[in-house]
Number of protein chains: 2
Amino acid sequence: MSLPISAQQIEDAHKRIAPFIHRTPVLTSKSINQIVGCEVLFKCENFQKIGAFKARGGLNAILSLPEETRKKGVVTHSSGNHAQAVAMAAQTCKIPAYIVMPSTAPEVKKKAVAGYGAQITFCEPTQQAREENASRIQAETGATFISPYNDYRVIEGQATSAKELLEDHADLDAILTPVGGGGLLAGTALSANYFSENTVVYAGEPANADDAYRSLKAGEIVKMPQPKSIADGLLTGIGDKNWGIIHPLVKDIYTVTEEEIVEAMRLVWERMKIVIEPSGAVPVAALIKNKGLFAHKKVGVILSGGNVDLGKLPF
Amino acid sequence: MSLPISAQQIEDAHKRIAPFIHRTPVLTSKSINQIVGCEVLFKCENFQKIGAFKARGGLNAILSLPEETRKKGVVTHSSGNHAQAVAMAAQTCKIPAYIVMPSTAPEVKKKAVAGYGAQITFCEPTQQAREENASRIQAETGATFISPYNDYRVIEGQATSAKELLEDHADLDAILTPVGGGGLLAGTALSANYFSENTVVYAGEPANADDAYRSLKAGEIVKMPQPKSIADGLLTGIGDKNWGIIHPLVKDIYTVTEEEIVEAMRLVWERMKIVIEPSGAVPVAALIKNKGLFAHKKVGVILSGGNVDLGKLPF
């Protein structure tokens, strides 16, 4: 099988970003293990810089740019975590960051992006408005567009989370991630493929935003206009670069309801005493819903982030 | 100075309970360090068994009982965390646990106590009602009363948290804990005294339940009938055994308002992505309020627990 990213490229990305990211801890919970009937290793990207795995991809993309290009700055659009990642990475590299955010993004994410010194442009919460604004800024400033997910440098960066998890726990039977644009899922699938051949990769997806699930069933990308889910990090459609990796490497995608997402989120908060965002709870919900398939196995779950608006909790 | 608990007794307690507790992690947060202007080491007892440090004292008290006494069971009264600790320790030792809980205790704590197989008696939320019910059960069953705090075996157990913190970070200038009944504060003061002579111990206390603060200023125990605070773990009056340790060893107690407690709790949830209960936020609030006193120092903070009712958050 020909893949667009090599093991060496993931290893290089990891070396490139390692000085600027946290090697996040892997936590376990006896009571959650009892509930799901398998041994779960939670890779805590909620403890990552900016509170989400996206710090990895953003940093790798920006650090990979040639010096001359980089100094003109970077531009992106994101509902939040990728925005923070790009803003943080740009601040680290002392270059300008132009961020297009939907006006509906959680308050805590808007504040955090501003805190990294980025210039924010608010827009309507549609894919089209986001892309148009980003293109305009790109034309005006000469800044490089950093895709939230549909970019091989971003995928390489996201792949480093599963790489670390597999270094810490080599014998995982499976890894579950959430899927939105597909960067984390594609990266995870690559790392499992290269670094742990017996580890099978699955994803959880909100039933209300299930374009990746439908795509996998159809064998081609299925688009879905304006999905709505509490998992606000998973509303973007799957990118074609990600699809080219997910399609051959990911075993299955499980959909979960909004109620199942909130219940899984609550379970993790209550039992593990850690804050995860709804998007991060999606693979947990998928595992609970399909626990029969994973009985007695060793399962990694990537808790993708912990950026929630505490003033607007679903409990 | 003559103290009722020796260094050896704390070391013995630690060996006794070590197989049954977690050695909890010590976390740091760059952004909180920036806010308070010092280096803060957070000892995460919210990740302890039962979600709070009280697992330590409960286990040590029960494991210290002679076999014949122990098998008749144990009884206690508690608004929640000590109840869970005794229930869990009793389950570990396969003996009955009789728990008196105020009817106002958070739902999540009631459920957890029941989950450990304890027999629960609900009562009015007053010290008197709690003590009367516990005495009656003690007389009826022959069970041993395990005080939530006013017990040297409990204090020894609570002392092991600061002991671990000081083993991991030998050069702390100060440690802050919350204070309610005084078990954690007394234990922490003993461990600092024996294991790190340059570490000064302070406490934070809700202004709405400031009997320990008033006692320290008066030089004798001041009682306070029915205090009310969101920090529901800190409503009990300071015990005389604890007072005998706190009075000579604790440098100062800082009071904080309800708003300051909620703000500190929110800060820790947002920046560190961990769940702490209001009582655990009290020393954080005390540190923020008095940050000038700790500038550039290395300060340990014991995050005492993480058992919150997610359906009743103050955000």
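This is a predicted model: local features need pLDDT of at least 70, side-chain atom pairs count only at pLDDT 80 or more; totals for chains, interfaces and linings use all residues.
I number residues from 1 along each chain as its sequence is written, and I letter chains from A and number ligands from 1 in the order in which they are written. Helices (H or I, at least four residues) and strands (E, at least two) are DSSP runs numbered from the N terminus.

**Entry 1: how the chains relate.** I laid chain A on chain B and got an RMSD of 0.0 Å, with a turn of 180 degrees and a shift of 0.0 Å along the axis. That is the relation of a two-fold axis. The superposition is by least squares on C-alpha atoms of residues with pLDDT of at least 70 in both copies. Which residue of chain A comes closest to the rotation axis? I found Ile274(A), with its C-alpha at 2.1 Å.

**Entry 2: the interface.** I looked up the contact next (C-beta atoms, placed from the backbone, within 7 Å). Chain A gives 15 residues and chain B gives 15 residues. Helix H12 (residues 258–272) of chain A supplies the largest share of chain A's side, three residues. By class, that side has eight nonpolar, four polar and three charged residues. Here Ala, Val, Leu, Ile, Met, Phe, Trp, Tyr, Cys and Pro count as nonpolar, Asp, Glu, Lys and Arg as charged, and the others, Gly among them, as polar. I also note that 100% of the interface residues of chain A are interface residues in chain B, so the copies meet through the same surface.

Entry 3: I checked phi of Lys273(A): it is near 60 degrees, a positive value in a residue other than glycine. Lys273(A) sits in the loop between H12 and helix H13 (278–289) of chain A. Is Lys273(A) buried or exposed? Lys273(A) is buried, with 26 other C-beta atoms within 10 Å. The cut-offs are 20 or more such atoms within 10 Å for buried, 12 or fewer for exposed, and partly exposed in between, with C-beta atoms placed from the backbone. In chain B, phi of Lys273(B) is also near 60 degrees, and Lys273(B) counts as buried with 26 C-beta neighbours inside 10 Å.

**Entry 4: helix H3 of chain A.** I counted nine of the 10 residues of H3(A) (residues 54–63) as buried, so this helix is largely enclosed by the rest of the structure. Among them are Lys54(A), Arg56(A), Leu59(A) and Ile62(A). The buried residues pack against several elements of chain A, including helix H1 (7–17), strand E3 (74–77) and helix H8 (152–168).

**Entry 5: H9 on H11, chain A.** I found the axes of H9(A) (residues 183–195) and H11(A) (residues 240–249) coming within 9 Å and crossing at roughly 50 degrees. That makes H9(A) oblique to H11(A). Axes are lines fitted to C-alpha atoms, for helices over the stretch in contact, and angles run from 0 to 180 degrees between N-to-C directions. Under 35 degrees counts as roughly parallel, over 145 as roughly antiparallel, 65 to 115 as roughly perpendicular and the rest as oblique. On the H9(A) side I listed Leu185(A), Ala189(A) and Asn193(A) among the contact residues, and on the H11(A) side Ile245(A) and Leu249(A) among them. The contact residues divide into seven nonpolar, three polar and no charged.

How values were computed. Two residues are in contact if their C-beta atoms, placed from the backbone, lie within 7 Å.
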